[in-house]
Amino acid sequence: MGGESLWLHAFRIAPGPRRRTPHLRAQYKGDEAYLYSGKIDLSKAVNPVVEFYYYYVKGSGNRLSLEVSTDGYRFDEALAVDFAAESGDNGWRKATLSLADKLPADYVRLGFRAVSDDGLVSTHIDRIVLRDVLDYNLE
């Protein structure tokens with residue numbers, strides 16, 4: 001899986017009287033922030049898997065979803081994280097999603113969508129990796 005790295009971001013601000021400043025952070029209740037990848041080559045992949053980390057904040061009602069597109073335009077939700085349904089201490093958590101069901105697509109695009117429950121907690125993601133997990137991987 002090769003290619004150049006390219007991420008695009010967008011935002012949608014919930015209706016209401018406030019300053020309309022572009023930012024990746026979903027700042028107010030109902031705000032949404034998006035992060036999209038460019039095309040990622042899957043033509044030689046056998047078992048592609050996306051891994052990423054998100055920062056969980058106890059008591060947050062934020063939502064984070066990973067959406068996948070095989071045509072470059074229509075994105076379907078493939079994984080959802082509802083912070084309100086999780087428990088435990090604040091900290092980084094790993095999420096994993098197999099893309100094997102997207103084969104034999106030549107490429108995919110990934111989209112992250114964060115929806116804010118309030119303006120006090122940002123949604124953070126880090127270390128986004130798409131790799132081919134093979135039977136002989138050593139970990």
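Guide: Start with a charge over a ring. The charged end of Lys-39 sits over the ring of Tyr-107, 4.4 Å from the ring centre. A second case involves Arg-93. Arg-93 lies over the face of Tyr-56, and the distance to the ring centre is 3.9 Å. Keep in mind that this is a predicted model.

Tyr-56 leads on to the rings themselves. One aromatic cluster is formed by Phe-52, Tyr-54, Tyr-56, Phe-83 and Phe-112. A pair of aromatic rings is described by the distance of the centres and the angle of the planes. Rings count as a pair if their centres lie within 6.5 Å. By this rule there are seven aromatic pairs. Take Phe-52 and Tyr-54. Their ring centres are 6.4 Å apart and their planes stand at 50°, so this pair is tilted.

Now pair Phe-52 with Phe-112. This aromatic pair is edge-to-face, with 4.9 Å from centre to centre and 80° between the planes. Phe-52 belongs to strand β4 (residues 48-56) and Phe-112 to strand β8 (residues 107-115), so the pair ties together parts that are 60 residues apart in sequence. Phe-52 has 1% relative accessibility, so Phe-52 counts as buried. Phe-112 has 2% relative accessibility and therefore counts as buried too. The cut-off for buried is under 20%.

Ser-65 lies in strand β5 (residues 63-69). Among the residues that Ser-65 touches are Phe-112, Gly-111 and Arg-113. Glu-77, Leu-79 and Ala-80 are also touched by Ser-65. These contacts leave out residues up to four places away in sequence. Ser-65 counts as buried because its relative accessibility is 3%.

Next, go back to β4 and its sheet. Three strands form an open sheet in the order β7-β4-β9, and the pairing is antiparallel. β7 and β9 (125-132) stand at the edges with a single partner strand each, so one side of each is left without a neighbour in the sheet. From one strand to the next, the twist averages 20°. Eight bridges join β4 to β7. Tyr-55 has Trp-92 in β7 as its bridge partner.

Arg-127 is found in strand β9. Its phi is positive, about 50°, although Arg-127 is not a glycine. Arg-127 counts as exposed because its relative accessibility is 55%.

The peptide bond from Leu-103 to Pro-104 is cis, with omega near 15°. The other loop lies between β6 (76-82) and β7 (91-98), and Ala-85 is found in it. Ala-85 has 64% relative accessibility, so Ala-85 counts as exposed. Ala-85 and Gly-59 are 26 residues apart in sequence, and their C-alpha atoms are 9.4 Å apart in space.

Return to Phe-52 to finish. Phe-52 is buried. Phe-52 pairs edge-to-face with Phe-112, and the Phe-52 and Tyr-54 pair is tilted.

Notes:
Residues are numbered from 1 along each chain as its sequence is written. This is a predicted model: local features need pLDDT of at least 70, side-chain atom pairs count only at pLDDT 80 or more; totals for chains, interfaces and linings use all residues. Side-chain values use heavy atoms; hydrogens and water are left out. Rings of Phe, Tyr and Trp (its six-membered ring) pair if their centres lie within 6.5 Å; planes under 30 degrees apart count as stacked, over 60 as edge-to-face and the rest as tilted. Helices (H or I, at least four residues) and strands (E, at least two) are DSSP runs, numbered from the N terminus. Buried means under 20% relative accessible area, exposed over 50%, partly exposed in between (1.4 Å probe, protein chains only). A charge sits over a ring if NZ of Lys or CZ of Arg is within 6 Å of the ring centre and within 35 degrees of the ring normal. Contact means heavy atoms within 4.5 Å. Two strands pair if DSSP finds at least two bridges between them. Axes are lines fitted to C-alpha atoms, for helices over the stretch in contact, and angles run from 0 to 180 degrees between N-to-C directions.
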